[in-house]
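Open the structure in your viewer and keep the selection tool at hand. The tour goes stop by stop, with something to select at each one.

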Protein chains: 2
Amino acid sequence: MNASRPAGGDLAQLRRLNAFGALRALRSASAPVTLTELATLTGLSRASAEDLATELTDQGWAAEVPPAPGAVGRPARRYRFRAESGYVFGLDIGAHSVLAVLADLCGTVVTTARRTVPPDIRRADRLAVIGDVMTECLDDAGIDAHRIWTISAGTTGVVGPEGDVVLAGAVADWTGVRLAEHLDERCAGTVLVDNDTRLAALAEQRLGAARDVEDAVYIHAGLGLSAALIIGGRVHRGYGGAAGEIGSFPVTPWATAATRLACCPAVPSDVPPRDAAAHVLAAARRGDTVAVRAVDRYASDVALGLAAMVLTVDPQRVVLGGGLAQSADVLLPRLRNRLEPLCIRVPDLQPSSLGDDRVALGAIWRAVEHVETTYLAHNRRPTAARP
Amino acid sequence: MNASRPAGGDLAQLRRLNAFGALRALRSASAPVTLTELATLTGLSRASAEDLATELTDQGWAAEVPPAPGAVGRPARRYRFRAESGYVFGLDIGAHSVLAVLADLCGTVVTTARRTVPPDIRRADRLAVIGDVMTECLDDAGIDAHRIWTISAGTTGVVGPEGDVVLAGAVADWTGVRLAEHLDERCAGTVLVDNDTRLAALAEQRLGAARDVEDAVYIHAGLGLSAALIIGGRVHRGYGGAAGEIGSFPVTPWATAATRLACCPAVPSDVPPRDAAAHVLAAARRGDTVAVRAVDRYASDVALGLAAMVLTVDPQRVVLGGGLAQSADVLLPRLRNRLEPLCIRVPDLQPSSLGDDRVALGAIWRAVEHVETTYLAHNRRPTAARP
């Protein structure tokens, strides 16, 4: 019957979907894939899988792998995704440091470089440091900048739709920097810029403590206090990129919470300011009453802003990240106590399961997803890319 | 080449998608569709379109329509979706009234019935009234309950995943009612229950003032004050169905805002309590200074909760609905003034463009979308349905 015979447009579409399906199957496999396995993974016939494998190899997306050693009889042909077809950068541009992570198209980290910067460094100098860490990664890996398909940067502040830093209260001389434009010359493809807390939330959703959760709030508790939202399994940016900015709400004391914690008299005078808050949390863990009072106050401060977000979006889980998350055993029970009278339903509270490279990890993850939807799904490469 | 030859599973899938595509095309057309038009709308060949039209007619989903009168030459065959294949109910169960709307599978309203109820009515009596308005609709339309494919109900309160009213502060004896279970016997298919404000938000997003917007906050300002969220073009319920419950936040005065407005001394003593707030808004429009002060205070109260939601999700638009939205000219400029110092970015503020049947409209819309994804997309009917 005619209805079962697809038209030409349908076939081209089907072929593209099959090719992308095969590419995804090769890409997500932990080991090289035989043609029989590829047929199973894609739901195609073995003959179709073989045609696709040849096509993808000809196009440079896949490579045949030598037979497994010691195989008996005629060895099965095996293929892998050529993750080295291109590379991506994940950047974490913080107030106190800049981290660059270079990864292949599967997101496997090739090399990293980090520099500490003074928070009051001038804009041009901070931009120069960003360039330096990227150059260091490229030199270390022996990779040309033309092979960078996507740069994904996380920065403090509110990021506009063009990749500009619209507002950065915590970093001097950073409001108004056109970050995407600045990074563009170092990339053959796309530059993506987002708020650093939001990329940390993405990392938690894809790899960390929010991995199995569709709706979550991520709280960064460190030298500052900030938040980001995961809704429907995706990072929620908001129409103007300002979602999660509950710290600006005048009734929440988020802007001063970390400083107030660090100013606790339980901190000896020889402890450097950056370590003071961790010191208070450690003292509270030991039962120091002054420290306990300071931590209780901090938990109240966090809870007030967090409750506003919880009542708005009713997330399944709240993930606590940032430097202070190392004292989650001290903080989370107090945070739960403070949330209970404020919320209809207190979400599950969990500490981050990632390290302090979570922003860069989120950036890499976002870059790899961008590569998949923008390039791989359409069987194309960035126009400026060179092999 | 083999890769272009789809396997059997692919073909069945393609055929199902084509049938659904044709059904959608017939359903969304404003007039009967010729085979040539159907081919264009679905992207299929004319022969495939004809096969599909015959198949759908045989299955009872479509009907051939007599030729247009006065057509010259051999008349083109025309088809329509059989919207009368089944029916849906949209219910608005409020504190003061119950509204039932009966519609066909296209969402076209067949008939409606409304009853006023005292807010302190007993649970059993309120449930009986709900039954009465539904029976009245069925009798009026001459339709048997076995032809109801979906009942979609909106009710005040927090609704749990099983369609239970988990918490209803504004209605006596309503917390804990198992509404979905109660309505189930009156339906051949699915019963859907949601918070009424959320269904009003859905109606605004599909038909009203948030129609072109992906992310919006809807505020219901009437005898009470409540909110709902649209995120990514969908109503956001939250993990426990408690999204938008910012009115419970102790720092927002939402619980008392409406009462305080109604208690303004500008209201003459002969005005019934239900009309008092509208009276204050009208007096403020005329420049009555006492009323202006009361409305300013109300706008501040609304703004405090709204700002918390805006800072959390950064929506493109806020839509004001409910009875007081009729005075949007008085309220919205004041609301904007109050939001400006509280928010990073003040969203576009718009009055609702729907009437006070918006909850029932949202319920109908939700039912029709459910019918589409659950039944039409899979070419099936509810198992208990009778023609």
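Where in chain B does B:Ile344 lie? Select this residue and follow the chain in both directions: B:Ile344 is in the loop between helix H10 (328-339) and strand S15 (348-351) of chain B. Keep in mind throughout that this is a predicted model.

**Stop 1**

**Stop 2: a hairpin in chain B**

Now select residues 97-104 of chain B, which are strand S5, and residues 109-116, which are strand S6. The two strands pair in the antiparallel sense, over seven bridges. Strands of a sheet pair through backbone hydrogen bonds, so show the backbone atoms here. For one of the pairs, pick B:Leu99: the bridge partner of this residue in S6(B) is B:Arg114.

Next, look at the turn. Four residues stand between S5(B) and S6(B), and the two strands form a hairpin. Select B:Gly107 in this turn; its phi is positive, about 85°.

**Stop 3: a sheet in chain B**

Stay in chain B and show strands S1, S2 and S3. They form an open sheet in the order S1-S3-S2, with antiparallel pairing. Strands S1 (33-34) and S2 (62-65) of chain B are the edge strands, each pairing on one side only.

How many bridges join S2(B) to strand S3 of chain B? There are four, and S3(B) covers residues 78-81. To see one bridge, select B:Ala62 and its partner in S3(B), B:Phe81.

**Stop 4: a sheet in chain A**

Move to chain A and show strands S1, S2 and S3. Here three strands form an open sheet in the order S1-S3-S2, and the pairing is antiparallel. The edge strands of chain A are S1 (33-34) and S2 (62-65), and each pairs on one side only.

S1(A) is joined by two bridges to strand S3 (residues 78-81) of chain A, and these strands run antiparallel. Select A:Thr34 and look across to S3(A): A:Arg78 stands opposite.

**Stop 5: an annotated stretch**

Finally, select residues 18-64 of chain A. An unreviewed UniProt entry lists this range as "domain: HTH iclR-type". In the model, the chain over residues 18-64 is 68% helix and 11% strand.

Note on methods:
Residues are numbered from 1 along each chain as its sequence is written. Chains are lettered from A and ligands numbered from 1 in the order in which they are written. This is a predicted model: local features need pLDDT of at least 70, side-chain atom pairs count only at pLDDT 80 or more; totals for chains, interfaces and linings use all residues. Side-chain values use heavy atoms; hydrogens and water are left out. Two strands pair if DSSP finds at least two bridges between them. UniProt positions are given in the numbering used here, feature names are shortened, and annotations may be inferred rather than shown by experiment.
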